[in-house]
Amino acid sequence: MRIKVGCHLNFEFPQPTPMIVLLSVHYSRVSDLEQPDYIITRPSVPLEGYRDSFGNWCCRFVAPAGHFEILTDAVVRDSGEWDMATHDAVQHPVEQLPTDAIQYLLASRYCETDRLMDEAWRLFGNMPAGWARVQAICDYVHDLMTFGYEYSRPTRTAYEAYFERRGVCRDYAHLAVTFCRCLNIPTRYCTGYITDIGLPPPYEAMDFAAWMEVYLGGRWHVFDPRNNAPRIGRILVAHGRDAADVPLTHSFGPSILSKFTVWAEEVAPLVAAASA
């Protein structure tokens with residue numbers, strides 16, 4: 001399966017403004033790209049790429065004053081399979097976790113484990129450890145929250161989402177991430193593209209999505225508390241402790257996002273050239 005992903009972002013800047021963007025397909029999917037997913041700007045400006053401390057591809061530049069556009073476009077080869085479920089994946093004792101997973105047990109900007117610890121153990125402490133416990137958390141968050149773009153607020157934390165009971169996909173993810181960490185399950189926040197492939201219409205306008213990955217049974221597994229169902233064509237862009245680590249765009253000064261378009265859709269297979 002071939003999946004076309006990308007975005008077109010329009011900004012207005014009152015002055016020249018440094019920016020960092022995380023819009024490239026994650027390095028773990030680089031071998032699936034049919035060609036490099038370059039970041040393009042209008043007007044053109046010098047770009048510098050680097051990896052952050054989580055291994056994500058980042059791009060930095062200075063946006064000029066006035067109207068400024070950022071574009072990226074790629075075709076990703078995908079298996080076309082639904083997200084995999086591993087129901088027998090076990091939870092590891094903390095002392096047996098790999099060192100690089102420990103940071104995903106700790107509190108972070110949007111995931112206040114200290115404020116939700118007692119609630120997490122009250123709600124889920126008696127459930128079987130492992131996959132079943134994580135799925136119970138996702139079921140709970142999915143049913144608790146009301147989704148709506150009108151509820152979006154960039155400063156909402158997991159603790160606030162728990163009591164407000166509304167938000168967008170990042171709020172669902174932050175709350176589920178926090179509950180998992182409270183229960184000693186390493187969990188990282190993910191952002192990227194999710195397609196509607198295999199789902200019945202009508203389809204909502206495409207947007208970037210947030211989900212999470214948990215460390216069970218010796219590897220990372222995808223869970224999606226917002227949709228709470230397997231999807232086809234989940235394309236990772238970045239992961240970190242929470243949304244503060246992986247903002248799709250970060251401007252070091254005032255800016256207005258005046259328009260944005262996101263796409264993630266199946267495209268026709270390549271036709272092999274006829275032999276002579």
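The accessible surface of the protein chain, found by the Shrake-Rupley method with a 1.4 Å probe, comes to about 13,400 Å², of which 55% belongs to carbon and sulfur atoms. This is a predicted model, in which local features need pLDDT of at least 70 and side-chain atom pairs count only at pLDDT 80 or more, while totals for chains, interfaces and linings use all residues. Residues are numbered from 1 along each chain as its sequence is written, and side-chain values use heavy atoms, with hydrogens and water left out.

Buried residues, meaning those under 20% relative accessible area with a 1.4 Å probe and protein chains only, make up 49% of the 276 residues in the protein chain. Along its principal axes the C-alpha trace spans about 60 × 55 × 40 Å. If we look at contacts, defined as heavy atoms within 4.5 Å, and take those with a separation of 6 or more, residues 24 or more positions apart account for 78% of them.

One residue can now be followed in detail. Asp 78 lies in the loop between β6 (66-77) and α1 (113-124), where the helix is a DSSP run of H or I with at least four residues and the strand a run of E with at least two, numbered from the N terminus. With a relative accessible area of 13%, Asp 78 is buried. Its side chain forms a polar contact of 3.0 Å with the side chain of Arg 29, a polar contact being a pair of N or O atoms within 3.5 Å; within protein, one must be able to donate a hydrogen and the other to accept it, and residues adjacent in sequence count only if both atoms are side-chain atoms. The side chain of Asp 78 also reaches the backbone nitrogen of Gly 80 at 2.9 Å. Leaving aside residues up to four places away in sequence, Asp 78 touches Met 1, Ile 3, Arg 29, Gly 233 and Ile 235.

Definitions and conventions
Buried means under 20% relative accessible area, exposed over 50%, partly exposed in between (1.4 Å probe, protein chains only).
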